[in-house]
Amino acid sequence: MTPVVVVKPRGKQLAHLAPVDAQQRLVQLWLHDKPQSTQKCYLRYAAQFTGFLAGVGKAIAHTTVEDMVEFSEYLHNRGLAAPTIKTYMAAVKSLLSFAYKTGYIKVNPGAAIKLKKLDQRLHEKVLTLTDIALMIRLTERAEYRYKGQQIRDLLILKLLYVAGLRVSELVGLRWKDFTPRDLTGQITVVGKGDKSRHILLPEYLWQEMINYRGDAPKDAYVFKSRNGKNKPLHRQNVDPIIKDAAERAGLMEKVSCHWLRHSHATHNAERGTPIPLLQQT
């Protein structure tokens, strides 16, 4: 990522490439100044859209409003939830807007598509203190094949709630991000927009993290993948940990990692934590 670089119209250069190469290059240019985590998601959304277009014998250069509507219906028929479909469509609109600004397309069909405001129902995505306590307690009592995996899952649960981390921040944690502070310590995470923030951990959780570390080097990921010497746990492997804990606690909803982040914010606001401090964490 090169934040100081601005992509100017270069439709003529893209026009000299073969259609498939031009489309691929367009996507690369669209992604070049976005955060790494965003790039991975947007690349997946773009691949779904271009794959859909290829299925009807089209490319980005020939996209119409009807194609976008049909793509939305295609996502719906795949069983995707409305918020997920909205995310896909917002990414496609962004890609088409970029293609128009660079001169790759003469008309922007995305401009005619207005995304509906969705009821996020955040109040339904907040767990009670009892729910969270049960998720942790019953995970402590659960039968695991490996004790190390059980300890890992417990720490993941606690960090997502106590520190209010995003899942991308959690899996990206390295031991060098941990700094002692008197009897406890803080973690430094890099969130959206490459913004860093420092989060002070309770003494008990700090000590549990230090015990879990053992003799791991500073550059090691806190939660490592089983594949590879020093690769992080994949973010897609975190949600099942949360869902299993929710099932143990008897929660019927499809609880995800982000529920714990919402709960962190809500519970702290209810305790009277100043809003500016909540925004920082």
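Two strands are taken to pair if DSSP finds at least two bridges between them, and the helices (H or I, at least four residues) and strands (E, at least two) named in these legends are DSSP runs numbered from the N terminus. The structure is a predicted model, in which local features need pLDDT of at least 70 and side-chain atom pairs count only at pLDDT 80 or more, while totals for chains, interfaces and linings use all residues. Residues are numbered from 1 along each chain as its sequence is written, and side-chain values use heavy atoms, with hydrogens and water left out.

**View 1. The chain contains 12 helices and three strands.** Of its 281 residues, 40% are buried, where buried means under 20% relative accessible area, exposed over 50% and partly exposed in between, with a 1.4 Å probe and protein chains only.

**View 2. Three strands form an open antiparallel sheet in the order β1-β2-β3.** The edge strands, each pairing on one side only, are β1 (178-181) and β3 (196-201). From one strand to the next the twist averages 30 degrees. Strand β2 (residues 184-190) runs antiparallel to β1 and is joined to β1 by four bridges, and R181 has T184 in β2 as its bridge partner.

**View 3. Helix α7 (residues 147-162) packs against helix α10 (residues 239-248) at an angle of about 90 degrees, with their axes 10 Å apart.** Axes are lines fitted to C-alpha atoms, for helices over the stretch in contact, and angles run from 0 to 180 degrees between N-to-C directions. The angle makes α7 roughly perpendicular to α10, a term that covers 65 to 115 degrees. Contact, meaning heavy atoms within 4.5 Å, is made by R152, D153, I156, L157 and L160 of α7 and by I241, I242 and A245 of α10.

**View 4. The largest nonpolar core holds 42 residues, of which L159, L165 and M209 touch the most other members.** Such a core is a set of buried Ala, Val, Leu, Ile, Met, Phe, Trp, Tyr and Cys residues joined through side-chain atoms within 4.5 Å. Among the elements that give two or more residues to this core are α6 (129-141), α8 (167-171), α9 (203-213) and α11 (257-270), and α7 gives the most, with seven residues.

**View 5. M209 touches L155, L159, W175, F178, L201, V222 and F223, not counting residues up to four places away in sequence.**

Key: Angles under 35 degrees count as roughly parallel, over 145 as roughly antiparallel, 65 to 115 as roughly perpendicular and the rest as oblique.
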